[in-house]
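The following paragraphs walk through a structure built from several chains. Please keep the sequence and the 3D view open while reading.

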Amino acid sequence: MQSSTRASWPAAAWITLVTLAVGCGRAPEPQQTTTGQPRIVSLSPAVSRTLLDFGLQQQIVGRSRWCASLDPAIPVLGDLYEINYEWLLRLDPTHVLLQPSASTGLDPTLERLAAEHDWVLGHWTINTIADIEQMVRDLPAVLFPGGGPCREAAAARAADLLNRIDVAVTPHGADLWSGPTLLIADTEPVVLVFGRETYLNDILTGLGAQNAIAARGWTEISLEDILRMDPQAIILVRDRGPSQVSPLDAAGPLADLDTTARREGRIAVLWHPDAKLPSSAVIGVAQQMRRVLAELSDSQP
Amino acid sequence: MSVRVRDISHRYGRVQALESVTADAAPGRITAVLGPNAAGKSTLLRCVIGALSPAAGCVLIDGEPAHQLPTRKLAGRVAYVPQRPQVSAAFTVREVVELGRYALAASRRRIDEALGELDLNEIADRPFPTLSVGQQQRATLARAVAQIADDGHLVLDEPASAMDLRHVRSSTALLRRLADGGATVLVAMHDLTLALSLADECWLLDHGRLVAAGPTTEVISIERLHEVFGVGFEWIERPDGGRVLLPTSA
Amino acid sequence: MNATARRHLRGLAILTALAAIAAVLRILIDRDPRDGVISLAWPHPKYAWVRWTALAVGATVGSGLATSGVLLQALLRNPLASPFILGITAGAGLGVMTAMYIGHLTGVTVASSSVLPALAGALAVMGIVYSLGQRRGWLDPVSLVLVGVIVSAICGALIMLLQHLVPAGLHGEITRWMMGRIPEDTPTASLVLVGGLSVAGIAIGMAMGPAMDAATLGDDEARSVGLALGPLRVWMFLLAGALTAGAVALCGPIGFVGLLAPHAARLVLGPHHTSLVLGAALAGIILVVGADVARQAIDFDAGRMPIGIFTALIGGPAFIWLLRTGRGQA
């Protein structure tokens, strides 16, 4: 009995196999585009956030797992490291928008699929305010290459956003802190700062302050570096956790450093849900920066 | 068809393991290799089976240098039983014995005979790692027996150290039968009384040097043993007329 | 036919059937992107190539890593040996990280995919471990393990050094690579190369089966039964290394496959290496393709998870169960 039971395992497996293969139908035809409106897949959280400001969330049919600003019901297609190509094909987009990795460039498979299926591939490197403005300027033509009223509306929206960005990063004579300032992105596990050629640096310098860091991009610095440069002000940039938090609580290891910023009470928190997204949300981030610089100016001895 | 050791020397780093050892092991004879720990017994046996290439000298297997013989050809002439059996997979006893025929033509008859000779039929299907050390030694000896031809060479390094008395007797009786059938048997051992009863010839080693080689009764003397082992020995007469050699109590 | 042969046939039939089921499920499993409903359906031709590519990659890598695992567990006489013990994965990771760093320094994309840099790193480490893992002119199991562990640590440190030197925004790339993936866009040439390597590896491994059986004896014993142990170890090392390098270059490090599949196969087939190589390859296919099926269905609405998560979450408990039941003896 035992040997016959064991002998029936392979038979059961093969029967299961044949049943599966023969019994299953075919999946439906992928969605076809009929409305003339763009069907957008955005694999960049920054571009996704900007599309929200353009009022185009309804046109977004797929997103990356990092696009937290979008409706969670929009299907997740993975991210730049691993794209779900099957879902991408089934969603049948007209546009695929992304920020390619600096080290690997544009995904060759994505380029090939875009060419085969006539998708418009929009890609930007977005580090600075100028980069954000370029993206905003490009989007109407990218999304509505044929022109028409939709493109005009998008262009008007883009012009409005550009104007508001320009206003947001200009001091307009306000009494704002202007001294050397450290812009902290993270304090744990290491201290990361926003250096030159970042959008937060552009906001800071646009509003009249100085970045204490000369290096470019996101840079790691040590506590000793901070003590030696002795910044007069420290701004902690946060996008999660409680929006109201004491600066010293948010400062982590920096709270115990004997810096001019700490002695003179010029440690501040800049909180905005999109603070770390180089997108059109920079308008709100710049407004928060203005508020923080005004507070720091008030605490000048 | 013999095993001839010619002026073998070898060192491990600064330690001289063997120094100018020359001796012969003849077919149809059992030759015991004796000596205290670190005398060079295992090193000498490893040179004989071609596992170690000596720094000087050579071992001739049927007239050919052992370390130059192709591995498969050597396997057809020499079988080895190590001091500690080692099988790192859950093969059964029968499968381990079959490994003795790895380089040779398959022979169910030789394997069945070897299992029978070593009283392994009842445990032939048990996994080797689950056996006691004594059982593992019998299985390893069976592998070697299944491997060699009637006139081959069997090299053993303390093959029965963990066996019970009954199996020590049956194993030594098997070695005797193999030698009588034309095999050359070269066996390292610690038990001097067993050497006296089993071996026709002896090689006595001390600190890598061959102290004496020849018929057992001539090589084993109380004075020589005292010199090599640093321990006194005495003959004890048995009621049946035989005698055993035991260390003295002092 | 004796009992052993019957056991092998029956075991291989079961493993083949399970591998076939996993393969069919990978093609059939359908999750609608709009509502997430899971069903079984043949894919539309428009995207069928995605599933077939994933299946081919999964089968190639699963069988390659499993075969490598069998070879290494035999070579090192260690049931815990896996394809990652020789430092090859760390070398592949260092190759990928180096390419990223050069790209960052020069602004030039050194390689649009990680395959070539990973392969270069893996082969370089193989060469180093081969040269340093010898004793008296022959590969020595203990030396191989020690050198492999040390080289792994050194490569890991160099990866961390390069991570420190590149901008923080690039850190995620090497981290994601280290989690492993099933690339559904693998070029046919790469698939044919690595797939051919896996098939050849299985065939050569099976041919070496009797020799690997004899190699389970102690070194002197193995030589005394006629096994040329030195050359065999070289072949085993080179073959295991090549299979691992190909798999890791294609998919990054996918853990547990090379460790678990040999033991799972041993449970079904016993210790004879000829059937064990084939059985482990099938078990590797079952594990990797099965994990890929699972990750199509389970993603917690956050996108599909790295396959290494599933192979570890399936493989880990399964391995503990094997250990606790005392099965899968080496």
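In chain B, ten residues of domain 1 are in contact with six residues of domain 2, where contact means that the C-beta atoms of two residues, placed from the backbone, lie within 7 Å. The side of domain 1 of chain B that touches domain 2 of chain B draws at least two residues from each of α7 (192–198), β9 and β10 of chain B. Helices (H or I, at least four residues) and strands (E, at least two) are DSSP runs, numbered from the N terminus. Sorted by class, this side of domain 1 of chain B holds seven nonpolar, two polar and one charged residues. Ala, Val, Leu, Ile, Met, Phe, Trp, Tyr, Cys and Pro count as nonpolar, Asp, Glu, Lys and Arg as charged, and the others, Gly among them, as polar.

The model is a predicted one: local features need pLDDT of at least 70, side-chain atom pairs count only at pLDDT 80 or more, and totals for chains, interfaces and linings use all residues. Residues are numbered from 1 along each chain as its sequence is written, while chains are lettered from A and ligands numbered from 1 in the order in which they are written.

Domain 1 of chain B comprises 3–88 + 147–215, and domain 2 of chain B comprises 220–250; such bounds come from an automatic or database domain assignment. Taken over C-alpha atoms, the centres of domain 1 and domain 2 of chain B are separated by 24 Å. Two of the elements at this boundary, β9 (residues 201–206) and β10 (residues 209–215) of chain B, pair in the antiparallel sense over six bridges. Strands count as paired if DSSP finds at least two bridges between them. Leu205(B) has Leu210(B) in β10(B) as its bridge partner. Two residues lie between the strands of this hairpin of β9(B) and β10(B), and His207(B) takes a positive phi near 50° there.

Chain B also meets chain C: 22 residues of chain B are in contact with 18 residues of chain C. On the side of chain B that touches chain C, α2 (71–77) and β6 (78–81) of chain B each supply at least two residues. That side of chain B has 15 nonpolar, five polar and two charged residues. Chain A and chain B, in contrast, do not touch, and their nearest C-alpha atoms are 19 Å apart.

Which chains make the most contacts among the two pairs that touch? They are chains A and C. This contact takes 39 residues from chain C and 43 residues from chain A. On chain C, at least two residues of the side that touches chain A come from each of α1 (3–28), α2 (45–75), α3 (88–106) and α6 (171–178). The most come from α1(C), which gives nine residues. By class, the side of chain C that touches chain A has 20 nonpolar, seven polar and twelve charged residues.

Chain A itself contains eleven helices and twelve strands. Its C-alpha atoms fill a box of roughly 90 × 65 × 35 Å along the principal axes. The radius of gyration of chain A is 25 Å, whereas a compact globule of 301 residues would have one near 19 Å; the radius is taken over C-alpha atoms, and the globule rule is 2.2 Å times the number of residues to the power 0.38.

Chain A is divided into domain 1 (40–131) and domain 2 (180–298), with C-alpha centres 30 Å apart. Eleven residues of domain 1 of chain A are in contact with eleven residues of domain 2 of chain A. The elements giving two or more residues to this side of domain 1 of chain A are α2 and α5 (129–143) of chain A. Of these, α2(A) gives the most, with five residues.

An open sheet of chain A has four strands in the order β2-β1-β5-β6, with parallel pairing. Its edge strands are β2 (60–63) and β6 (120–123) of chain A, each pairing on one side only. Three bridges join β1 (residues 40–42) to β5 (residues 95–98) of chain A, and Val41(A) has Val96(A) in β5(A) as its bridge partner. Helix α2 (residues 45–53) of chain A packs on the sheet, touching β1, β2 and β5 of chain A, and its direction makes about 135° with that of β1(A). Axes here are lines fitted to C-alpha atoms, for helices over the stretch in contact, and angles run from 0 to 180 degrees between N-to-C directions.
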